[in-house]
Amino acid sequence: MKLDQIHFKYTGDKVVVHRLDIEADYSVLVVGDPDMVTYEWVLLRSGDVVKHSDDGYGWWVPALRDALSWFCDGPRDAA
């Protein structure tokens with residue numbers, strides 16, 4: 001699945017607020033609508049979605065924290 005195919009529940013306008021390239025071909029994106037203060041995170045591997053938060057955040061920092069936590073602790077091939 002690609003980023004533009006995700007149905008986000010908690011954010012309308014999908015703007016990449018923060019991108020962090022990590023470990024080889026993985027990237028963490030925090031996407032959201034800064035005007036509405038809603039954010040979600042997405043973990044990509046070579047451009048394909050590995051996992052997304054499916055949760056809403058009121059600040060991009062906790063979204064990034066949770067994405068990195070999931071990446072460090074979670075199974076990387078889970079969807």
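This talk walks through one predicted model, from its sheet to its cores, its turns and its helix.

Let me begin with the ground rules. The model is predicted, with local features requiring pLDDT of at least 70 and side-chain atom pairs counted only at pLDDT 80 or more, while totals for chains, interfaces and linings use all residues. Residues are numbered from 1 along each chain as its sequence is written, and side-chain values use heavy atoms, with hydrogens and water left out.

I turn to the sheet. Four strands make up an open sheet in the order 1-2-3-4, with antiparallel pairing. Here strands are DSSP runs of E with at least two residues, helices are runs of H or I with at least four, and both are numbered from the N terminus. Two strands pair if DSSP finds at least two bridges between them. In general, strands of a sheet pair through backbone hydrogen bonds, either parallel or antiparallel. At the edges of this sheet are strand 1, residues 15-22, and strand 4, residues 48-52, each of which pairs on one side only. From one strand to the next, the twist averages 30 degrees; the axes behind that value are lines fitted to C-alpha atoms, for helices over the stretch in contact, and angles run from 0 to 180 degrees between N-to-C directions.

Let us follow the pairings in order. Strand 1 joins strand 2, residues 26-33, through seven antiparallel bridges, and Val 15 stands opposite Gly 32 of strand 2. In the loop between these two strands lies Glu 23. Glu 23 is not a glycine, yet its phi is positive, at about 25 degrees. Its relative accessibility is 48%, so Glu 23 counts as partly exposed. On this scale buried means under 20% relative accessible area, exposed means over 50%, and partly exposed lies in between, with a 1.4 Å probe and protein chains only.

Strand 2 and strand 3 also run antiparallel, joined by eight bridges; Leu 29 has Val 42 of strand 3 as its bridge partner. These two strands form a hairpin with four residues between them, and Val 37 in the turn has a positive phi of about 55 degrees.

Strand 3 and strand 4 are antiparallel as well, with four bridges, and Arg 45 is the bridge partner of Asp 48 in strand 4. Their hairpin has two residues between the strands, and Ser 46 takes a positive phi near 50 degrees there. Is Ser 46 buried or exposed? Its relative accessibility is 52%, so Ser 46 counts as exposed.

How enclosed is strand 3? Seven of its eight residues are buried, so strand 3 is largely enclosed by the rest of the structure. Contact means heavy atoms within 4.5 Å. Leaving aside neighbours within four places in sequence, Leu 44 is in contact with Asp 25, Tyr 26, Ser 27, Leu 29, Val 49 and Val 50.

Next, the interior. A nonpolar core is a set of buried Ala, Val, Leu, Ile, Met, Phe, Trp, Tyr and Cys residues joined through side-chain atoms within 4.5 Å. The largest such core has 14 residues, of which Tyr 26, Val 28, Trp 41 and Leu 43 touch the most other members. Two or more residues come from each of strand 2, strand 3 (38-45) and helix 1 (60-73), and helix 1 gives the largest share, five residues. A second, separate core has seven residues, among them Leu 29, Val 31, Val 42 and Val 49. Returning to Val 28, its contacts beyond four places in sequence include His 18, Ile 22, Leu 43, Leu 64 and Leu 68.

Between strand 4 and helix 1, the loop holds Ser 53. With a relative accessibility of 14%, Ser 53 counts as buried, and its contacts beyond four places in sequence are Glu 40 and Trp 41.

Which residues of helix 1 are buried? They are Pro 62, Ala 63, Leu 64, Ala 67, Trp 70 and Phe 71. What covers them includes strand 1, strand 2, strand 3 and strand 4.
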